[in-house]
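Dear colleague,

Please find below the structure that I am handing over to you.

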Amino acid sequence: MVDQARVAEVTKGIFTFADTDGSGALDREEFKTALGKMIAEHGMSPLTDEQFDQEFTGLDVDGNGLIDENELQALVARLLSA
Ligand SMILES: [Ca+2]
């Protein structure tokens, strides 16, 4: 069972860290930064470039080439429930 408040909190923390230009969405470079933080702090397995592309494409549900907070929550929820 995933605690939505915890998911939102963790997502916000990752965002604050990784959204270096403060745009409110993560581009590919910023998403790499976010993943690096998640790998370091949550014991995620490092991704290959191919897995990274798949993850980015899968999370970018509106296909605008950016990961916003709502989109990132899907990954955080998966991570916290693992
Ligand atoms: Ca998007």
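**The two annotated stretches**

Over residues 6-41 the chain is 75% helix and 6% strand, with the end C-alpha atoms 15 Å apart. Helices (H or I, at least four residues) and strands (E, at least two) are DSSP runs, numbered from the N terminus. Over residues 47-82 the chain is 67% helix and 6% strand, and here the end C-alpha atoms are 16 Å apart. UniProt, in an unreviewed entry, places the feature "domain: EF-hand" at residues 6-41 and 47-82. UniProt positions are given in the numbering used here, feature names are shortened, and annotations may be inferred rather than shown by experiment.

Please note that this is a predicted model, in which local features need pLDDT of at least 70 and side-chain atom pairs count only at pLDDT 80 or more, while totals for chains, interfaces and linings use all residues. Residues are numbered from 1 along each chain as its sequence is written.

**The chain as a whole**

The chain has four helices and two strands, and from the N terminus on its elements run α-β-α-α-β-α. The radius of gyration of the chain is 12 Å, close to the 12 Å that the globule rule gives for 82 residues, so the chain is as compact as a globular protein of that length. This radius is taken over C-alpha atoms, and the globule rule is 2.2 Å times the number of residues to the power 0.38. Along its principal axes, the C-alpha trace spans about 30 × 25 × 20 Å.

**Helices α1 and α2**

The axes of helix α1 (residues 4-18) and helix α2 (residues 28-42) come within 9 Å and cross at roughly 125 degrees. Axes are lines fitted to C-alpha atoms, for helices over the stretch in contact, and angles run from 0 to 180 degrees between N-to-C directions. I14, F17 and A18 in α1 meet E30, T33, A34, K37 and M38 in α2; two residues are in contact if their C-beta atoms, placed from the backbone, lie within 7 Å.

**Residue S23**

S23 lies in the loop between α1 and β1 (25-26). Is S23 buried or exposed? S23 is exposed, because 11 other C-beta atoms lie within 10 Å; the cut-offs are 20 or more for buried, 12 or fewer for exposed and partly exposed in between, with C-beta atoms placed from the backbone. The C-alpha atoms of S23 and D68, 45 residues apart along the chain, are separated by 9.4 Å.

Yours sincerely
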